[in-house]
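Subject: Structure handover and findings

Hello,

Please find the structure below. My notes on it follow.

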Amino acid sequence: MITETMSELGFDYSETQRMVAESAREFAEQHIRPFVMQWDESQEFPVEVFKKAGEMGFMGILVPESLGGSGLGYHEYIAIIEEISKVDPSIGLSVAAHNSLCTNHILSFGNSDQKERWIPKLASAEWIGAWGLTEHNTGSDAGGMNTTAVKDGDHWVLNGAKNFITHGISGDIAVVIARTGEKGDSHGMTAFVIEKGTKGFSSGKKEDKLGMRASETAELVFDNCRIPDDNRLGEVGDGFIQSMKILDGGRISIGALSLGISKGAYEAALKYSKERVQFGKPISSFQGISFKLADMATEIEASELLLHKAAFLKNQGRKMTKWSAMSKMYASEVCVKVANEALQIHGGYGYTKDFPVEKFYRDSKLCTIGEGTTEIQKVVIAKNILK
């Protein structure tokens, strides 16, 4: 495990990392594990769990203590998301989206009044945050968005819709990117904060998903939604550029989520392979199974190293777009592969809901799609190495 002493090639968890990991592990075992399949079956978003997570400091991990947060860095952030995701990836996804998207956008680009106004409520989970960039016809091509914000005196009027938004219904506040200039102009978009209850701001369809079912995904709809200029984050025209910087950290989030899925699936497969006896001995003693476990363990380790290198650079405030894309792409592809192999090791039992690998298998696929597909990560990486 890479720490802040990476320049000295230290690979041990720091004391703080060990403590937060243990705390997250205990939280997940007590408040999440007993309800995992219930929430998955009913596609219930358990708001009360996130309130408890707020009490533990997990909803303001990167927020300074002066604003009510935990004041931790990205290494500790990875440890928390990983431990929660080992038990239920959909809860890990929601914790990650709240921290790294909505909260982090306001924290990174809001003025002091805006931070004082919104961050403490987000860090405590009094409010759940959403973040809206994607639209129905503009997924990877975010610059082509159709949602508009038109200036009207000291206000802005928003019209349009965002989709695939985490916490689109239960969120109390949303950071939304809207077009304020020409379509396709990277400087033609601006970020705004919209509070729940604002006239003209509503939720739309809730998605019925393959996996990550306890993490709510829905539309945000704007119908002549009028908000004050005080709700604008940063300068007019900076919204898209801000979003790309937020996604640099967001990719570490999805990477950490992927790492948690990989470890959860691997540990379940390792345990099962030692217990399952065929032809008079545990199936782990057969080369066909042991080689799968060896590949899984090695690729998980590589994912972890890549993620913590991106975290190290992020903590240092250094440019890390290439590394965050590499770590997200690799860790997410590995988690799909590991979940698939874990199910294979379980055989027919892995195809039932009696064993956790069935859910890891369904949840894993989101990681190669959300916050930029694997193909988009390759575009980002190639663009950076071909400069």
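First, a definition: buried means under 20% relative accessible area, exposed means over 50%, and partly exposed lies in between (1.4 Å probe, protein chains only). Glu 116 is exposed, with a relative accessible area of 54%.

This is a predicted model, so to speak of local features pLDDT must be at least 70, side-chain atom pairs count only at pLDDT 80 or more, and totals for chains, interfaces and linings use all residues. Residues are numbered from 1 along each chain as its sequence is written, and side-chain values use heavy atoms, with hydrogens and water left out.

Surface patches

Glu 116 sits in helix 6 (residues 112–123). Helices (H or I, at least four residues) and strands (E, at least two) are DSSP runs, numbered from the N terminus. Glu 116 also belongs to a negative surface patch, together with Asp 113, Asp 154 and Asp 230. Patches take residues with over 30% relative accessible area and no salt bridge; like charges are joined within 9 Å, and nonpolar side chains (Val, Leu, Ile, Met, Phe, Trp, Tyr) within 5 Å. Accessible areas come from the Shrake-Rupley method with a 1.4 Å probe; for residues, only the protein chains shown count as cover. Lys and Arg count as positive, Asp and Glu as negative; His and the chain ends are not counted. A charge is placed at NZ of Lys, CZ of Arg, CG of Asp or CD of Glu.

There is a positive patch too, formed by Lys 245, Lys 319, Lys 383 and Lys 387. Lys 245 lies in helix 7 (residues 239–275). Its relative accessible area is 47%, so Lys 245 counts as partly exposed.

Salt bridges

The cut-off: a side-chain nitrogen of Lys or Arg within 4 Å of a carboxyl oxygen of Asp or Glu. By this rule there are 24 salt bridges.

One of them pairs Arg 362 with Asp 40, at 2.7 Å from N to O. This pair links distant parts of the chain: Arg 362 is in helix 10 (residues 357–364), Asp 40 is in helix 2 (residues 36–42), and 322 residues separate them. Both residues, Arg 362 and Asp 40, are buried.

Lys 205 and Glu 207 form another, with the closest N and O atoms 3.5 Å apart. Lys 205 is exposed at 52% relative accessibility. Glu 207 is buried at 14%.

In helix 7, Glu 275 and Lys 271 are 4 residues apart, so about one helical turn separates them. Their salt bridge has its closest N and O atoms 3.0 Å apart.

The hairpin

Strand 2 (residues 148–152) and strand 3 (residues 155–166) run antiparallel, joined by 5 bridges. Two strands pair if DSSP finds at least two bridges between them. Lys 151 stands opposite Trp 156 in strand 3. The hairpin has 2 residues between the strands, and Gly 153 takes a positive phi near 65°.

Two more positions

Gly 168 is in the loop between strand 3 and strand 4 (173–179). Gly 168 is buried, at 4% relative accessibility. From Gly 168 to Tyr 77 is 91 residues in sequence and 23 Å in space, C-alpha to C-alpha.

Ala 382 is in helix 11 (residues 374–385). Ala 382 is partly exposed, with a relative accessible area of 28%.

Best regards
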